[in-house]
Number of protein chains: 2
Amino acid sequence: MLDEKILAVLRRSAEGHVSSEELCKLAGISRAAIWKHIEKLRQEGYEIEASPHLGYRLIAVPDRLIPSEVKWALNTKIIGKEILSYKKVDSTNDVAYKLAEKGMKEGCVIFAEEQERGKGRHGRNWLSPPHTGIYLSFILRPEIAPNEIARITLLAAVCVAKAIRGATGLSAMIKWPNDIIVNGRKICGILTEMKAEQDRVDFLIVGIGVNVGTNERSLPKGASSIRVELRRAGRTMTHPSRLEIARRILEEVERHYIRLNKSGFKAIMDDWKHLSSMPGSRIKVAMQTRSLEGIVHDIDENGALIVRLDSGILEAVSSGDIIMVR
Amino acid sequence: MLDEKILAVLRRSAEGHVSSEELCKLAGISRAAIWKHIEKLRQEGYEIEASPHLGYRLIAVPDRLIPSEVKWALNTKIIGKEILSYKKVDSTNDVAYKLAEKGMKEGCVIFAEEQERGKGRHGRNWLSPPHTGIYLSFILRPEIAPNEIARITLLAAVCVAKAIRGATGLSAMIKWPNDIIVNGRKICGILTEMKAEQDRVDFLIVGIGVNVGTNERSLPKGASSIRVELRRAGRTMTHPSRLEIARRILEEVERHYIRLNKSGFKAIMDDWKHLSSMPGSRIKVAMQTRSLEGIVHDIDENGALIVRLDSGILEAVSSGDIIMVR
């Protein structure tokens, strides 16, 4: 708590210095105690300049997804009101799911620096090396039916694409249903899971994995990271801030979630279409028992992909793996 | 294990006696040990006659939903292959859900003699006094999408209605989506819960609560029990066997589940329509935010109720509480 208090004071005076007298007074502790706290913060990665006459000055904060840093300047009321950060978990979705089962409120966000068994769709895994990605899951408790869950996945995709665009300038696009791609390479996956009755969702867990600082060599085939794509684009910002991207994701999710509840899915659908590279593209869909090929026509009001087969027939696809056909 | 072995021998000779020599030989233990086991079985509710010259004879088994009794003469391969019986649980659905999360196989059945927090739809409770009802939940892992889950609820309703008809002769009817009624009074509720991704069900828990021997005084308003309905009908069988009904439910579920996977939902839908009192009836539907009134027209291929409004428009209802209008 004292650390956070000291940080808050330093932050507010980010332009100048804060004298140790002032810090002592505000925190109600001695100079020596202040020094100890400053040392602890430095060990956590905060760069704090100490000048004998002027006092302390905050130079840089660590790019760590810890509650105090994520919450700093986070402009949300629901999403991220409660944040739990872990060094290592099996899967942030599993942690969030268990918390939700115990009654954890909507908007709680779980971060992990590393996932040992990061989850992808259909039991696949999501490679989650330490400190290079954003691995987060949040709990939602919308009053929807199970067949409307795809709406939330598409909403999340819209939010992540917007957040990455806003924070990095990369033209992140959506690949149905739940991938975010840059230049055709996957940099983010989204996994939505739920507990539900027949006609009512109890809770949803939305898991988002973004490859941020991952090296090219550490990436699986077809995947990329924000860092790799920034380099490819010849951009000068080569160390994208996970904090900045994570905050933007949470803010976008809150904004769109409120919009969905107020005004329905239509506006989200429109955003999705703008951010998707798919309409008009030729695709193959591999489904459980069969596959089909056609041109992407649209998405429907439940988030299913509408494909125009070569026969001219329109078919709604609500499950499957997409291969883009050139 | 020895108890079950002894029981099996007694059962096979249900017409006559089994000498204690024979039992000793088969079980590989002494006469005194046999006597101890027989005493234990008697304490569990088995009526076993002992005659000095003829040996032992099984007269009656207790109507308890324990694995050895349920499995005895149970004609299934999947449903009930694993059975776990509890004296008292919060909710059999919760127990089954937790087991499924840990990987328990499809077909595992949980019984409880009593539920402290038996669950109904939408967070309601299901009164579950000890020893008078069947409180069971089973795990399914069908390869379906979340929006197809209503099919399983309707399937379960068909199975329970058939099982009660078969075991008691009462004309059990289905009230959409998940009640079984006799003479307009509810004797059974079904609660289906699932863990799912957007497009794939991980597992389903189907919970079934049947009021079997419950007294009229102990029943909530609008509810009844098999025993009460048998009395009303002036039938001589006034102590319906929970074991018999439970076994029939499991057998029907297995039969219809295999049928669903092989031949699709059409045949189940037809059964449902035959067993439902609803088509042609005037109903009110109370939904989350609004209500509607009309005549039940049909159910659709996803298990939604099709209602013809007074305007003539057909509306599919997939969620809500039904009130029959006279």
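Biologist: In this predicted model, which residues of helix 1 of chain B meet helix 2 of chain B?

Modeller: A packing of two helices is read by listing the residues on each side, and here Leu2(B), Lys5(B), Ile6(B) and Val9(B) of helix 1 of chain B meet Leu23(B), Leu26(B) and Ala27(B) of helix 2 of chain B. Sorted by class, this contact has six nonpolar, no polar and one charged residues.

Biologist: How are helix 1 of chain B and helix 2 of chain B placed relative to each other, and at roughly what angle do their axes cross?

Modeller: The axes of helix 1 (residues 2-12) and helix 2 (residues 20-27) of chain B come within 10 Å and cross at roughly 135°. Angles over 145 degrees would count as roughly antiparallel and those from 65 to 115 as roughly perpendicular, and helix 1 of chain B and helix 2 of chain B are therefore oblique to each other. The handedness of a crossing is a separate property, and for helix 1 and helix 2 of chain B the crossing is right-handed.

Biologist: Is the crossing of helix 6 of chain B with helix 9 of chain B left-handed or right-handed?

Modeller: Helix 6 of chain B passes helix 9 of chain B in a left-handed crossing. The contact involves Arg151(B), Leu154(B), Leu155(B), Ala157(B), Val158(B) and Ala161(B) from helix 6 of chain B, together with Ile268(B), Asp271(B), Trp272(B) and Leu275(B) from helix 9 of chain B. By class, that contact has eight nonpolar, no polar and two charged residues. The axes of helix 6 (residues 149-168) and helix 9 (residues 266-275) of chain B come within 9 Å and cross at roughly 55°, and these two helices of chain B are therefore oblique to each other.

Biologist: How many residues does each chain bring to the contact between chain A and chain B?

Modeller: The size of an interface is often given as the accessible area lost when the parts come together. Here we can count residues instead, with 23 residues from chain A and 23 residues from chain B. On the side of chain A that touches chain B, the elements giving two or more residues are helix 6 (149-168) and strand 8 (185-197) of chain A, and strand 8 of chain A gives the most, with seven residues. That side of chain A divides into eight nonpolar, eight polar and seven charged residues.

Biologist: Why is chain A called as compact as a globular protein of its length?

Modeller: Chain A has nine helices and 14 strands. Its radius of gyration is 22 Å, close to the 20 Å that the globule rule gives for 326 residues, so chain A is as compact as a globular protein of that length. Of the 326 residues of chain A, 45% count as buried.

Technical notes: Residues are numbered from 1 along each chain as its sequence is written. Chains are lettered from A and ligands numbered from 1 in the order in which they are written. This is a predicted model: local features need pLDDT of at least 70, side-chain atom pairs count only at pLDDT 80 or more; totals for chains, interfaces and linings use all residues. Helices (H or I, at least four residues) and strands (E, at least two) are DSSP runs, numbered from the N terminus. The radius of gyration is taken over C-alpha atoms; the globule rule is 2.2 Å times the number of residues to the power 0.38. A residue is buried if 20 or more other C-beta atoms lie within 10 Å of its own, exposed if 12 or fewer, and partly exposed in between; C-beta atoms are placed from the backbone. Axes are lines fitted to C-alpha atoms, for helices over the stretch in contact, and angles run from 0 to 180 degrees between N-to-C directions. Angles under 35 degrees count as roughly parallel, over 145 as roughly antiparallel, 65 to 115 as roughly perpendicular and the rest as oblique. A crossing is left-handed if the near helix is turned anticlockwise from the far one by less than a right angle, and right-handed if clockwise. Two residues are in contact if their C-beta atoms, placed from the backbone, lie within 7 Å. Ala, Val, Leu, Ile, Met, Phe, Trp, Tyr, Cys and Pro count as nonpolar, Asp, Glu, Lys and Arg as charged, and the others, Gly among them, as polar.
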